[in-house]
Amino acid sequence: MKAKITLAKEFRIGDIDKRIYGSFIEHLGRAVYGGIYEPGHPTADENGLRQDVIDLVKKLNVPVVRYPGGNFVSGYNWEDGVGPVENRPKRLDLAWGTTEPNEFGTNEFLEWCKKANTECMMAVNLGTRGPEEARNLVEYCNHPSGTYWSDLRRSHGVENPHNIRLWCLGNEMDGGWQMGAKTAVEYGRTALEASKLMKWTSPGIETVLCGSSSRNMSTFGKWEAETLDIAYDSIDYVSLHQYYGNHDDDVMSFLALTMQLDDFIYSIICTCDYIKARKRSKKTINLSFDEWNVWYHSNNAPFEKWSQAPKLLEDIYNFEDALLVGSMLITLLRHCDRVKIACLAQLVNVIAPIFTQTGGGVFEQTTFFPFMHLSNYGRGSALLPLVDCPKYDCKQFTDVPYLETIATYDEENDEMAIFCVNKSTDESMVLDVNLMDFDGYKPCEFISMDGYHKKDENTFDDIKVKPHNNPVPALDGTTLTVELKPFSWNVIRLKK
Ligand code: AHR
């Protein structure tokens, strides 16, 4: 089949906030214990941080990591995780039915962030706790010295404040599974007061209001409108969460889910702007898509109740998952004028691109690579390509473009990149790219992932699904022609 895209500098959607390439570490399963932290592991440093994991996190180039939950945060006493380790209590974690040893906490995570070249997006507990404990945590982390909480941090060996800029006001507070779940009015009021006190404690921080736990919630839309109506003036972002699965083993419907994602993002933008209009406000609320991924392979896997760091949510990803992850991130970039933060949930072991063996090795899952390409090459501003391509119908959607694409333009470094997924399982796509006013830009690299069976996976012994380089495509005048193999992930890089 044939397709055509046209690109021009005027097609700029917006600047890409680097935090759109964020991720997430929760105290859940083996994300922390046996994931980023494992004293005694052959690659662990003096603090027990696994260097083999840090090396892969650095390859992903993740600028921000949300922590410590997730559902976990809604029952978390942050004070349990600071100070001398021998004094820290073991607690039941009611979110996941496990035991939390609290060996690893706030200061250990901030230390890990430094080593992994990333920043912390800290979540506070607004489930079982409230504004008081939240503002204390902000004081502990961000106040220089001379007060109870800041001096407590210093007595724990952390002289300089962590200066955490980004804070989540709880997690999925509309969900019945959440400890301390709330109605929209209860949550709106709590979030407003927490955000207010946190910002008074540390001026300049940004806060994220919890949106609906997913688009499927019965209160979806209404929840956002009601909570925003209450907390609008104090908060900066509203959160979105979405996980997808190929439950019916129908790959064309699975890959079409970006249509729904697009619609979801658009609905939340409209809801934010509706409240803005009602308030006659000059302030715009942007979006923090702080949980997104494929999640379904590991559902209902048995584990021993109240054990420490059991194998939970350990999805092993295949090639079709990698194509959806790439397509989802492309969709987020298409909204980069409003989606400023996004977190691939999660980063290590728990529904994650990086997978470890406790006491053993580590490998890159299939989904690692599209994320790595976008995060490393998709910087600057995003361009909305004019797309002309064949479409298909599936169970849930009609007119699904076979081509999922976005272009990025990094003016400072004279670089461009075009990211494409060919969703057809059996046909190549000959793609003409009209580069309009990008004079002097020439293709320098063409990376792809193709030729795999849709269910192919990686293992510790065999990174079967991985990118490879192809001959650089030809440029004729302003038109670049490239063949996108059936069922493929593609990155075309250009330089001036
Ligand atoms: O990421 C796994 C879980 O999914 C998180 O703890 C929760 O916020 C969401 O439901």
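Me: Why is Glu-46 called exposed?
Reply: Its relative accessibility is 68%, and exposed means over 50% relative accessible area, buried under 20% and partly exposed in between (1.4 Å probe, protein chains only). Glu-46 therefore counts as exposed. Keep in mind that this is a predicted model, where local features need pLDDT of at least 70, side-chain atom pairs count only at pLDDT 80 or more, and totals for chains, interfaces and linings use all residues. Residues are numbered from 1 along each chain as its sequence is written, and side-chain values use heavy atoms, leaving out hydrogens and water.

Me: What makes the contact of Glu-46 and Lys-115 a salt bridge?
Reply: The N to O distance is 3.8 Å, and the term asks for a side-chain nitrogen of Lys or Arg within 4 Å of a carboxyl oxygen of Asp or Glu, so the pair qualifies. Glu-46 sits in the loop between β3 (22-24) and α1 (51-60), and Lys-115 in helix α2 (residues 106-115), 69 residues apart. Helices (H or I, at least four residues) and strands (E, at least two) are DSSP runs, numbered from the N terminus.

Me: How do you know whether Asp-456 is buried or exposed?
Reply: Asp-456 has a relative accessible area of 14%, so it is buried. Its salt-bridge partner is Lys-464, with the closest N and O atoms 3.4 Å apart. Lys-464, at 39% relative accessibility, counts as partly exposed.
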